[in-house]
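Q: I would like to go through this structure with you. Could we begin once it is on the screen?
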Amino acid sequence: GGSGFGQPPPPGFWGNADALRRLHMQRMAEARAQGRGVGGVGGSGGVLTKEARVQRFKQLLVEAGVNAFSFFAKVKGKLEKDERWKLLPNDGERRLVFDEFCKNVAAEQKALAAAAEKQAVEGFKALLEEALQLERQLYVALLAESISREEEEEGDGAAAAADGSGE
């Protein structure tokens, strides 16, 4: 409609809070429909949903290197100046998201450690199996060489005995 963000409000508007809310919602809906977007922080240009704001806040925590043992007060001091810190309206919500993030990071780190340990054990088992196969191959090769040597010695001994008895 004709009442975009640059347009003045309708006459008699300023005394009515409900009318102000309705007009604001209407203009936001028009802006979204036209793809202009309003508010928000970052490059999207559109209104960010709560999920998107939380996701960007978590991305800030990732980039800051927050881990399971980080303290909110210390992180807050470092990150307050970042625009993504302000995506959540108050420290209470920030703290909730921070705590959830830290708990999930701890769980992820635990899962990664378990996976790494499992992979190491499987690698060690494969190495042991390879060593066992090499040992078997070496045993077979040495046995074949030993048998071959015995046969040569028997052949040489029989030839020497034949030479000695013919005199």
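Q: Which side chain meets R149 in a salt bridge?
A: The side chain of E145 meets R149, at 2.4 Å from N to O. A salt bridge is a side-chain nitrogen of Lys or Arg within 4 Å of a carboxyl oxygen of Asp or Glu. Please note that this is a predicted model, where local features need pLDDT of at least 70, side-chain atom pairs count only at pLDDT 80 or more, and totals for chains, interfaces and linings use all residues. Residues are numbered from 1 along each chain as its sequence is written, and side-chain values use heavy atoms, with hydrogens and water left out.

Q: How many salt bridges does the structure hold?
A: It holds ten salt bridges. One of them joins E100 to K58, with the closest N and O atoms 3.4 Å apart. E100 lies in helix α4 and K58 in helix α2, so this pair ties together parts that are 42 residues apart in sequence. Helices here are DSSP runs (H or I, at least four residues), numbered from the N terminus.

Q: Is K58 buried or exposed?
A: K58 counts as buried, at 17% relative accessibility. Buried means under 20% relative accessible area, exposed over 50%, and partly exposed in between (1.4 Å probe, protein chains only).

Q: Now to α3: which of its residues are buried?
A: In α3, residues 72-79, the buried ones are F72, V75 and L79. They fall within an arc of 70 degrees seen down the axis, so they line one face of the helix; the arc is that of the directions from the helix axis to the C-beta atoms. A73, K74 and K78 are exposed on the other side.

Definitions and conventions: Helix = DSSP H or I, 4+ residues; strand = E, 2+ residues; numbered from the N terminus.
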